[in-house]
Amino acid sequence: MLTMKHINKTFYLNSPDRRTILKNFSLSLKEGEFISVIGSNGAGKSTLFNLIAGSILPDSGKITLDNKDITFLSEHKRAVWIGRIFQDPSKGTAPNLTVEENLAIAYMRSKKSHLLKGITKKDKAFLRERISCLGMGLENRMNTKIGLLSGGQRQAVTLTMATLVKPKLLLLDEHTAALDPVTAEKITELTQSIVSSEHITTMMITHNLTTAIKTGSRLLMMDEGKIAVDIKGEEHSKLTVSNLLERFSQNTKKNLNSDRMLLQYD
Amino acid sequence: MSFIAFLGAIELGLVYTLPAFGIFISFRILNIPDLTADGSFVLGAAVSAVLTAAGHPVAGLAAGITAGAAAGLITAILQTKCGIAPILSGILTMTGLYTINLLVMGGRANMPLLNNETVFTLSAALFGDIFYKLELLLFIVTLIFVLYYLFFKTQLGLSIRATGDNEDMVRASSIDTDSTKMVAFAISNATIALSGALVAQMQQSADINMGAGLIVIGLASLIIGDAIIKNKTITRGLLSVIAGAVLYRLLIALILTTNLAPSYLKLISALVVAIAIATPTMKKKFELKKLQKKEASLC
Ligand SMILES: Nc1ncnc2c1ncn2[C@@H]1O[C@H](COP(=O)(O)OP(=O)(O)O)[C@@H](O)[C@H]1O
Ligand SMILES: [Mg+2]
């Protein structure tokens, strides 16, 4: 469904500070796959997501989504099909708007034509029902400004917003990293339950090796803008931390335990 | 203060509520300072004066609104499509408008409207009392208030509010923030130009310099409004703007009852705005100093 072919991305292209992040990068996703993406800081994971979502454009290469060329399509146009959540809970919501208003804006992805219509009673009931699925009692706080909610609550609302209208692809960029462990666990569970019940093709960046191995159907390990390890299918279901580290060392001739990797596992 | 002066102040407060509404959209809702206002106000006045002189005062208001919307659109395009910083975009449009406004008024810096039919003479004929200006202005301000109220509840209005709050989130919802900004700037400057159009007919003249300081006056109204009504919602925000604009004019009228020359008014307005905006920061600094002194005296 998503393919990236021969993508190159260099920042500060025409200056002495030029930094090549992705070099001849190719990747292909199947419908319904849940991919965990892991890799050291600066490996280019967020850059990869930025390219897919259209926040930045590649220097060369081609990106297609369901056979449609989206390489140079503007960010907001792709957003119809691509849902995205960031690490920072304040990034996904408008703090001075209420929970209901935030949801209503996300809901507009489904019906573009009624720009001069307000939120109808039916919409309100639908949004309320969807938010009650989170099991956090937020359906009773629909008229609260979202900036007053906790980071975990906001991230949960963002998750609902990103999946309110089913996206073709969901991009999660360390979306639990800023939360306390208990809340992070809760959001991870919610993510899994929504993604599996709606069959959403998902890519999730995480810093936690255990989470990466436990979650999803495929694991990508990135290093210096390249895919160092790509594990799926049968092999994925038998994956352990130690044989992942082994695979990484084999492929990159590097030792993953060096502390610049900054990966955690428990 | 005489009754006539009081009435005049209320009338001015109402007619200058409209530019404050416009500034509320740019400065408060979008969080983008728009300096087009000084120019689009005069544009509205110039267009309105020309049509009023030709015998079409109502068309003058409509044309003023349209011209103002176009001016706002240009500023928004400079910002979004041409990548010019918001403040500079506004300054460029405002500067360009100076020439346009002169051209509209046939190359003159001032255009008197003596003995012409205006929307106010129409109102006087309709109501037949001394409150005809107040009544017409109340009607218009209420109408704009209701239109704003309804508009900001629509999906487009909601998107504009969210654009000022978190652009990334709006784009993530597949809404083009360039478009929401264009609509918002057009509405903002249309409202400001409507005020200019009304003022020209009310004072029976349009003048190339009548927009000078408009933004400061608008901001002063917003700040005074904030002090009276905590504006947590759009509705309360707009109500506070009306209260602020009227109170500002009453304060000015009070100051004028002393023997202060009217030329001091702009300086006073600028000081009021500067002090009001600086106060929270100053307070913090002052408290920090006090704390530091206390710590120092402890050891
Ligand atoms: N917009 C940008 N401009 C310049 N450099 C960038 C930009 N975005 C990312 N980079 C650089 O690209 C490298 C990869 O960053 P990123 O993709 O965020 O890594 P990761 O998410 O894997 O930690 C980093 O060195 C970062 O400094
Ligand atoms: Mg990152």
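Predicted model: local features only at pLDDT ≥ 70, side-chain atom pairs only at ≥ 80, totals over all residues.
Two strands pair if DSSP finds at least two bridges between them, and strands (E, at least two residues) are, like helices (H or I, at least four residues), DSSP runs numbered from the N terminus. With that in mind, let me start with strand S8 of chain A, where the bridge partner of Asp173(A) is Ile205(A).

Residues are numbered from 1 along each chain as its sequence is written, chains are lettered from A and ligands numbered from 1 in the order in which they are written, and side-chain values use heavy atoms, with hydrogens and water left out.

Now to the sheet itself. Strand S7 (residues 169-173) and strand S8 (residues 201-205) of chain A pair in the parallel sense over 5 bridges, and they belong to an open sheet of 6 strands in chain A, ordered S6-S7-S8-S3-S9-S10, with mixed pairing. At the edges are strand S6 (82-85) and strand S10 (226-232) of chain A, each of which pairs on one side only. On average, neighbouring strands of this sheet are turned by 15° against each other, direction ignored; here axes are lines fitted to C-alpha atoms, for helices over the stretch in contact, and angles run from 0 to 180 degrees between N-to-C directions.

Two helices of chain A lie across this sheet, where contact means heavy atoms within 4.5 Å. Helix H5 (residues 151-164) lies across S6 and S7 of chain A and runs at about 170° to S6(A), whereas helix H9 (residues 241-252) of chain A lies across strand S9 (218-223) and S10, at about 140° to S10(A).

Let me turn to charged pairs. The structure holds 14 salt bridges over all chains, a salt bridge being a side-chain nitrogen of Lys or Arg within 4 Å of a carboxyl oxygen of Asp or Glu. One of them joins the side chains of Asp66(A) and Lys168(A), at 3.3 Å from N to O. Why does this pair tie together parts that are 102 residues apart in sequence? Asp66(A) lies in the loop between S4 and S5 of chain A, and Lys168(A) in the loop between H5 and S7 of chain A, so the pair ties together those two parts. Asp66(A) is partly exposed, with a relative accessible area of 32%; buried means under 20%, exposed over 50%, and partly exposed in between, with a 1.4 Å probe and protein chains only. The phi of Asp66(A) is near 50°, a positive value in a residue other than glycine.

Another salt bridge brings together the side chains of Arg171(B) and Glu75(A), again listed from N to O, at 3.3 Å. This pair crosses between chains, from helix H9 of chain B to helix H2 (residues 75-78) of chain A.

Finally, which residues of helix H11 in chain B are buried? They include Leu214(B), Ile217(B), Leu222(B) and Asp226(B), and H11(B) is mostly covered, with 12 of its 15 residues buried. Helix H11 (residues 214-228) of chain B reaches 21 Å from its first C-alpha to its last, close to the 21 Å expected at 1.5 Å a residue, where the expected span is 1.5 Å times one less than the number of residues.
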